[in-house]
Structures are given as C-alpha cells and as structure tokens.
Amino acid sequence: MDDFNLEKLAQQIVIERFEKVADVAEGAGQVARKIVTQAVTGTLARQSPRISVTAVCRGLMSGMLIAGRDLAPAAVAILSQMSAVANETHQDPAEMMTWAMEGIAPVATMAGEPARAAVEHAIDQAFMGAGAVFARACATAGA
C-alpha cells in the first residue's frame with residue numbers, strides 16, 4: 001500500500017502540468033526520476049522502495065492514459081531513468097527496472113491489448129530482453 005499517496009501525486013502532475021508539453025514522454029521520464037528519487041530516500045524508513053517506485057510509475061502512466069497520451073514512449077522514458085535513480089538512491093538497478101515495470105504493467109493492461117503490446121514491444125526494443133519481464137508483470141497485474 002502506498003502510504004504516501006505517491007501514485008495520486010504522479011498522476012496529477014501528468015494531468016495538470018503536461019497539458020501543453022510537446023514531449024510528454026520525456027517529461028514523464030524526468031518527473032519519474034525526480035519523484036522516485038525523492039520518494040525512495042524520503043520514505044525509506046516507513047515504506048519499501050518497491051512500493052514507492054511502483055506507485056509513482058503507476059501514477060505517471062495512469063495520468064498519461066487519462067490524458068490520452070501514447071503509453072509506449074512514456075514507459076521507455078520512465079524506465080530510462082531507473083538506472084540513474086538506482087545510483088542516486090543506492091538501490092539495485094535491475095530491481096528498480098522491475099519495480100517500475102510492475103507499476104507500468106497494470107495501466108498498460110487496462111489500456112487494452114494493442115496498447116499493452118505496443119508498450120511491451122517498445123520496452124523490448126529499448127532494453128534487450130526486458131519485454132519478457134514486462135510481459136510477466138502484465139500477466140500478474142491485478143492478481
């Protein structure tokens with residue numbers, strides 16, 4: 001459970017601040033880096049990093065979905081920031097990527113099969129082999 005309501009915060013940032021932003025995917029990546037870094041370091045004593053990361057990523061992606069934006073480039077942009085976040089927060093980069101995908105998966109799944117498949121393909125193209133990890137996260141999303 002996201003005790004700090006990071007999901008709602010991330011969603012609101014996308015909906016309210018990205019309305020006139022041309023490259024919302026890149027913006028989502030930058031916001032992900034900032035919020036996840038602050039969330040992990042700021043909530044570490046009371047909430048596991050996994051919960052913080054998944055909540056922020058789920059919130060960013062749900063904001064993108066509500067705003068009618070393309071999910072695939074946003075997912076790649078968010079995931080592209082996870083190694084930097086891992087370095088800044090002293091977390092394992094592979095775990096950060098997995099946790100981020102666990103946050104992205106339920107939104108991509110809810111968006112429908114074409115959107116989910118596009119996100120999986122984009123992730124696999126950008127991060128060799130990560131598409132399979134994302135597909136597993138989608139299979140267990142909501143379970």
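**Core.** I looked up the largest nonpolar core first, and in this predicted model it has 49 residues. V53, I78, M82, I104, V119, I123 and F134 have the most contacts inside it. A core here is a set of buried Ala, Val, Leu, Ile, Met, Phe, Trp, Tyr and Cys residues joined through side-chain atoms within 4.5 Å; buried means under 20% relative accessible area with a 1.4 Å probe, protein chains only. I found at least two core residues in each of α1 (6-17), α2 (24-43), α3 (49-66), α4 (71-80), α5 (82-89), α6 (93-110), α7 (113-126) and α8 (130-140). These helices are DSSP runs (H or I, at least four residues), numbered from the N terminus.

**Ground rules.** I kept to pLDDT of at least 70 for local features and 80 or more for side-chain atom pairs, while totals for chains, interfaces and linings use all residues. Residues are numbered from 1 along each chain as its sequence is written, and side-chain values use heavy atoms, without hydrogens and water.

**V119.** Which residues does V119 touch, leaving aside neighbours within four places in sequence? I noted L71, A72, A75, I104, A108 and F134, with contact meaning heavy atoms within 4.5 Å.

**α3 and α4.** Their axes, lines fitted to C-alpha atoms over the stretch in contact, come within 10 Å and cross at roughly 155° (N-to-C directions, scale 0 to 180 degrees). That makes the pair roughly antiparallel (over 145 degrees). I listed C57, L60, M61, M64 and L65 of α3 against L71, A74, A75 and I78 of α4.

**α6 and α7.** I read an angle of about 150°, with the axes 8 Å apart. M101, I104, A108 and T109 of α6 meet A115, R116, V119 and I123 of α7.

Terms used:
Buried means under 20% relative accessible area, exposed over 50%, partly exposed in between (1.4 Å probe, protein chains only). Angles under 35 degrees count as roughly parallel, over 145 as roughly antiparallel, 65 to 115 as roughly perpendicular and the rest as oblique.
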